[in-house]
Amino acid sequence: VRALPRLDSWTINAFRGINMALVLMIWIFLRYRKNAIIIMRTPDKMAMFWFAFFFVLGTSMYIMAIQLANVAAVASLGATSALFAAVIGRLWLGEKTSSIFYIAILLAIAGVIFIAKGESSQSCTGLLGSIIALGVALAFAIQSAALRKYRDIPMEPAYVYGGLTVFLSVFLLHGIMQPTWQEYGILLAMGAFQLAIPGVFYLKGAKYVTAVQMVLISMMDTFLNPLWVWLLVGEEPTKNTFYGAVFIPPKYQFGPGLSRYIHDGRSI
């Protein structure tokens, strides 16, 4: 996103979505071959709704948040997705979360307050970016729960339809800018390496771990996002982001959940 300063957030999101859809359609035809058309034409309607709708919502809010607040703040607030996943997993899927995790919830809330305060003092749009980032976390938790609930059916079409919906919605309701070939190359890489390829791995993982664990493992980017942006474009996180992120990262639940699956001899 930082490498595309000329393009607005809507254009970035639109091309990121359609490029993800194109890459995944290629994957579907390679993976399912003769059954690819059937899988694309007959997806589970409720699965499509729960996943595709919140994918569209979440990915749109993510790009908006990145442009309103710094990457470290967005990444740290995104880690609160595990908190939402714990509640959604319990109510929707009946998956229990250990009591120690709820202690982490209180610590994470403290971290959110630190980060939001730092952002609001840094710029007039930072606080709004923090709020939108929390919306991204909620949408991601619902997506993860949907993948877990419908883990026995192919969910790749949900990603495809979600990406196409993002592009068409932006094109019809807002309009898109024309990217240069260099910009389009970056957008293609974003669609493939930020969404499509990780999406395939995430679908595989949903068969083996709970919704909370899915979100916790994926939240490793809480540590990596600020690192890459600092190294490549020199964006330094605010002091409050460091303080807040100490409380939010998912390391509190990483050990017990992961060690149990290693002990059982399972693998993703």
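**Briefing: salt bridges, cores and surface of a predicted model**

Ser60 is buried, with a relative accessible area of 15%; buried means under 20% relative accessible area, exposed over 50% and partly exposed in between, with a 1.4 Å probe and protein chains only. This is a predicted model, in which local features need pLDDT of at least 70 and side-chain atom pairs count only at pLDDT 80 or more, while totals for chains, interfaces and linings use all residues. Residues are numbered from 1 along each chain as its sequence is written, and side-chain values use heavy atoms, with hydrogens and water left out.

**Ser60 in helix H3**

- Ser60 belongs to helix H3 (residues 45–68); helices (H or I, at least four residues) are DSSP runs, numbered from the N terminus.
- The Ser60 side chain makes a polar contact with the backbone oxygen of Val56 at 2.7 Å. Such a contact is a pair of N or O atoms within 3.5 Å; within protein, one must be able to donate a hydrogen and the other to accept it, and residues adjacent in sequence count only if both atoms are side-chain atoms.

**Salt bridges**

- Side chains of opposite charge can pair when their charged atoms come close.
- Two salt bridges are found in a search of the whole structure, each being a side-chain nitrogen of Lys or Arg within 4 Å of a carboxyl oxygen of Asp or Glu.
- Arg6 pairs with Glu183, with 2.8 Å between the closest N and O atoms. This pair links distant parts of the chain, 177 residues apart: Arg6 is in the segment before helix H1 (9–32) and Glu183 in helix H9 (residues 181–205).
- Arg6 is partly exposed at 42% relative accessible area, whereas Glu183 is buried at 10%.
- Glu95 pairs with Arg148, the closest N and O atoms again lying 2.8 Å apart. Here too distant parts of the chain are linked, 53 residues apart: Glu95 is in the loop between helix H5 (81–93) and helix H6 (99–122), and Arg148 is in helix H7 (residues 126–149).
- Glu95 is buried at 14% relative accessibility, and Arg148 is buried at 11%.

**Surroundings of Arg148**

- A polar atom of the Arg148 side chain lies 3.2 Å from the backbone oxygen of Val209.
- Residues touched by Arg148 (heavy atoms within 4.5 Å) include Leu93, Glu95, Tyr208, Val209 and Met214, not counting residues up to four places away in sequence.

**Nonpolar cores**

- A nonpolar core is a set of buried Ala, Val, Leu, Ile, Met, Phe, Trp, Tyr and Cys residues joined through side-chain atoms within 4.5 Å.
- The largest core has 50 residues, of which Met20, Leu24, Phe51, Phe55, Leu147, Met155 and Tyr159 touch the most other members.
- A second, separate core of 11 residues includes Leu7, Ala14, Ile63 and Val170.
- Phe55 touches Met20, Gln143, Tyr159, Gly162, Gly163, Val166 and Leu195, leaving aside residues up to four places away in sequence.

- Buried residues of H5 are Ser81, Ala82, Leu83, Ala85, Ala86, Ile88 and Gly89.
- Gly94 follows H5 and has a positive phi, near 75°.
- Arg33 lies in the loop between H1 and helix H2 (36–41), is exposed at 62% relative accessibility, and has a phi near 50°, a positive value in a residue other than glycine.

**Surface**

- Leu227, Trp228, Trp230, Leu231, Leu232 and Val233 form a nonpolar surface patch with about 660 Å² of accessible area together.
- Patches are made of residues with over 30% relative accessible area and no salt bridge; nonpolar side chains (Val, Leu, Ile, Met, Phe, Trp, Tyr) are joined within 5 Å, and like charges within 9 Å. Accessible areas come from the Shrake-Rupley method with a 1.4 Å probe; for residues, only the protein chains shown count as cover.
- Trp228 lies in helix H11 (residues 221–233) and is partly exposed at 49%.

Terms used. Helix = DSSP H or I, 4+ residues; strand = E, 2+ residues; numbered from the N terminus.
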